Amino acid sequence: MTHRLYYTDAYLRDFEAEVIGRSDDSCRVYLDQTAFYPTSGGQAYDIGQLGGIEVTDVVDEGERVAHLLAAPLTGARVRGQIDWGRRFDHMQQHTGQHLLSAVLAELAGHATVGIHFGKDSSTLDLDAAALTPDQVARAEERANEIVVQNLPVGVSLEAAASATGLRKSTDREGTLRIVTIAGLDRSACGGTHVRATGEIGSILIRRLERVRKGVRVEFLCGSRAIRRARTDYGLLSLLASGFSAPADELPRLVADQRNEIKDANVANRELQGKLDLCRARELYAAAAPESTGIRRVTVREEGPSADALRGMAQAFSSMPRAVFVGAVLSPPAVVLAASEDTGIDAASLLKSLLTSVGGRGGGSPRLAQGIVPGKAQLQTVVESLGSKV
């Protein structure tokens, strides 16, 4: 059995312990006591050193805690050292989550139903259909007010049957480890926490995401929040400098630019349509009618896709007894368009040819397109279309 020192002192950075078990290669060891926190309750494991050897993972195995090492460990007694930067960061995020969950329950009436502590940011899931921007702003402001109040954060062991005032009820029996933020929150938790809310540092709510029937809230605490805010500010400053304008004018400038691009795209499509019609008329006029009266043209393009030929194909097939075959070399693709008076079903004809060479595609009786494995297959399809129509 491993005595878990972090339960009573999350600030313990160095400790000594006896090795009570190890794997055959001595890269997995068990101690009589440990300050290393194993992955549990959504919180990630600690890293550091045991006997000067890097600890790469810490695993909760019920009664025992396994320490996975980068190299074999010899000796019966070892000194452990916790990576304090990582541990304290985890403490800030975990206590920050308790505080934020309590605030969201207080202000919005939404319970936290899931949590995840990530490497760069953390999330909590709420039983809420939605959160308004105003609710988010008020929750973030309230959470940071409590940080400044520096409320004590305590850990106690209480009998489950008599523990009261818990934010979330539990069906566990026996003794509970309860983390209390004075006057705000009481939650059963086995994680590591700071001693007072002031040590959490700034709390930043960064993003909301709809998940299943709830809302996922992404948040950052302490140094993470400061680094992220600095990065976000740098991005805003970079964008603002591109517009030669203050950052607070970006929403208007971006909206204006979006509208300009939308108008330009509409104008571009109109011009492309006119160009396609002009080219189609030139091709139609230059194509000699076959004995059936059909005028057929084959247009080959280098790329980038068959979509570029659709407009011309539609324009060409809008004229009497017209068949348009378009071939794109890279990537290999083909377009077939036929006017209704030709009696040709473009989709049916092209699909059968594509299937015969391992290609695929589809469309309508008037316009169809597809792709083929290579240039040889493309040539086969184009030649076949020439003979079948």
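**Terms and model**

Helices (H or I, at least four residues) and strands (E, at least two) are DSSP runs, numbered from the N terminus. The model is predicted: local features require pLDDT of at least 70, side-chain atom pairs count only at pLDDT 80 or more, and totals for chains, interfaces and linings use all residues. Residues are numbered from 1 along each chain as its sequence is written, and side-chain values use heavy atoms, with hydrogens and water left out.

**The largest pocket**

A pocket is an open set of points on a 1 Å grid over the protein atoms alone, where a 1.4 Å probe fits, with protein on both sides within 12 Å along at least five of seven lines; lining residues have an atom within 4 Å of a point. The lining of the largest pocket comprises 37 residues, and Arg 172, Ala 188, Cys 189, Gly 190 and Gly 191 lie nearest the centre. Elements contributing two or more residues to this lining are S1 (3–4), H1 (84–108), S9 (112–117), S11 (153–159), S12 (175–181) and S13 (185–188). Strand S9 supplies the largest share, four residues.

Strands pair if DSSP finds at least two bridges between them.

The antiparallel pairing of S11 with S12 extends over seven bridges. Glu 158 is placed opposite Leu 176 in S12.
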